[in-house]
Amino acid sequence: MKRWVLNVIAVLLALLFIFPLIWMLLVSLKPDGVNVYTLKDWITFSDLQLGNYVKVITSSQILRWTWNSTLIGLITTVISLLFSSLAAFTFSKMPFKSKGLFYVLIASGLLIPTEAILIPLYETTLHLKLIDNIWAIILPGLTNPIGILLLKQFMDGVPKDYIEAAQIDGCPSSGLWWRICLPLTKSALVSVGIFYFILSWNNFLWPYLSITSQENMILSAGLPTFLSNNIMSLNMIMAASAIAAIPTIIVFIVLQRHIVQGVAMSGIKG
Amino acid sequence: MDIKVTESERTLVLRKPQKAARMAAEMKAIAYLLPFLIPFAVFYLWPVWRGAWMSLHVWSIQGMQKFVGLANYKKIFTDSDFYLYLWHSFYFVILNVPSVIILGLLLALLINQKIWFRTAIRSVFFLPYVLSVSVVSFIWLRLFDSKYGPINAFLKMIGVPGDFHWLTDKNLAWWAITMSTDWWTVGFVMVLFLAGLQEIPTDHYEAAKIDGAGAWKQFWHITLPGLSRVMKIQVFYQVIAGLKLFGQVQIMTGGGPGDSTNTMIRYIYVTGFKKDMFGLASAQSIVFCLIMLLIAVLQFKLTDSKD
């Protein structure tokens, strides 16, 4: 009896949670000007069509933005993983005097959020002539120290014997990082990588400020430009949202185990 | 063993080369940190320093105009808007943090039971978190539409009287923003609580059952204390995230109606990029940053004394 009630509550809540997404899809598939408002609208499927998607894709650069988001996300993730794991390896396995000093310096990156350095960051980027360039999004994205702190914990778990054995065999320290520590912390790298990718994909404020031309925009910063565009109907705006959401949803469904794990790990340890 | 002997021999005989070797190891380690340190220095450390410098000047997008000392700070503290927007940011924290934490905890407890389609339902709760803030804001902007939105349609259908202008009514706008933010981020909170729940040893529950403790008592004396570490991290994280609110407001209300949903970050954004007052905006950023650090320190102190 009690179990039955819990099950019903869970299913109802799940429906409530997914309702905004279903509504978005439904509206995006209705002809221009047709709304999903009454119960009857919800169950009328005869007028569904893909016209809004065609119109959004041809009248805006949304596919280009999707590509930019993907590209920037991948570049940021790969470079971040390489740099962060190298630094994590250095902190974990290489003895050096100024270790403490550098560790504190890097960890201080957690103190001040990007939101609080927007103005000088913009000024710096302007001086480097990077405004409206995808590197304006990528480079500041590489400064997040969370990956170093997380990966260091995993590198600490790599047995000392492995490292010493390899050193005796004449393996240089770069090899210790690349051939021993990286393969042994693969699952942590995947989790941190997913975390970085989501962070980059959903980054809004900084790309919104630093990118000015339509063709260099990323999805999250490009979408709001539709609001000031009066030609866009409700149905087209929902089609645009769906175009931005669908790749994320598919990737999430495919990788959900890793994503949930990665987020839980980064969230708890971070 | 062998190695140790040779090492101590080396310290005796070759003191100078060893110093050089240590120096070399030092340089090598630093060289390995450089790939991270270079962008970190240019796009984090330098802007932090530069921001402090800019805050002492009248500065526009074209560059520095003149040194004004602490005048920008004086301007901020005598500006009534500053206190208003600061309050707005805190008001959002007051609305959002308890709601998202309680809801996230309830969902985690629910998912932790043996229910049907457990994994699928967990995924549904988590799914909104992977969407970007613009998609989330777009969807809710339309869901809350006072004329054509399904939320008002539903309220009408179940017979709730009156018109709800969710995003243009001063009192409702914050609730609308809170609801959409809860929908977006509650899955994240849930996942962390779920991980926390799995760390609580099951024999604690078994012992409690033998002692005859009911479900409520078990929750109060075992589950909640067991989650205290995750809870602290969550509250800490959500308070900071709440204070940084920008995207939802920018897209859904534009700070309106009037400026009743304007937040600290939007204040900095408007001062810097709309009014072209970089110096003043830098000073605002620093004040804002100090407030956040103060809150962080306070939270650390408060949670530490409880242990």
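Here is a short briefing on how two chains are divided and how they meet. The model is predicted, so please read every value below as computed from it. Chains A and B touch through 70 residues of chain A and 64 residues of chain B, and each chain has its own pair of domains, as given by the domain assignment for chain A and for chain B.

**Where the chains meet**
- Chain A brings 70 residues to the contact, and chain B brings 64.
- Helix H14 of chain A (residues 234-269) supplies the largest share of chain A's side, with 15 residues.
- On that side of chain A, 51 residues are nonpolar, 16 are polar and three are charged.

**Domains of chain A**
- Domain 1 of chain A covers 1-49, and domain 2 of chain A covers 56-269.
- Between the C-alpha centres of these two domains of chain A there are 34 Å.
- Where they touch, eight residues of domain 1 of chain A meet seven residues of domain 2 of chain A.
- The domain 1 side of this contact in chain A is made up of three nonpolar, three polar and two charged residues.

**Domains of chain B**
- In chain B, domain 1 runs over 2-54 and domain 2 over 74-306.
- The centres of domain 1 and domain 2 of chain B, taken over C-alpha atoms, are 42 Å apart.

**A residue to look at: B:Pro98**
- You will find B:Pro98 in helix H4 of chain B, which spans residues 80-111.
- B:Pro98 counts as exposed because it has 12 C-beta neighbours inside 10 Å, and the cut-off for exposed is 12 or fewer.
- B:Val239 is 141 residues away from B:Pro98 along the chain, yet their C-alpha atoms are 9.7 Å apart.

Conventions. Residues are numbered from 1 along each chain as its sequence is written. Chains are lettered from A and ligands numbered from 1 in the order in which they are written. This is a predicted model: local features need pLDDT of at least 70, side-chain atom pairs count only at pLDDT 80 or more; totals for chains, interfaces and linings use all residues. Domain bounds come from an automatic or database domain assignment. Two residues are in contact if their C-beta atoms, placed from the backbone, lie within 7 Å. Helices (H or I, at least four residues) and strands (E, at least two) are DSSP runs, numbered from the N terminus. Ala, Val, Leu, Ile, Met, Phe, Trp, Tyr, Cys and Pro count as nonpolar, Asp, Glu, Lys and Arg as charged, and the others, Gly among them, as polar. A residue is buried if 20 or more other C-beta atoms lie within 10 Å of its own, exposed if 12 or fewer, and partly exposed in between; C-beta atoms are placed from the backbone.
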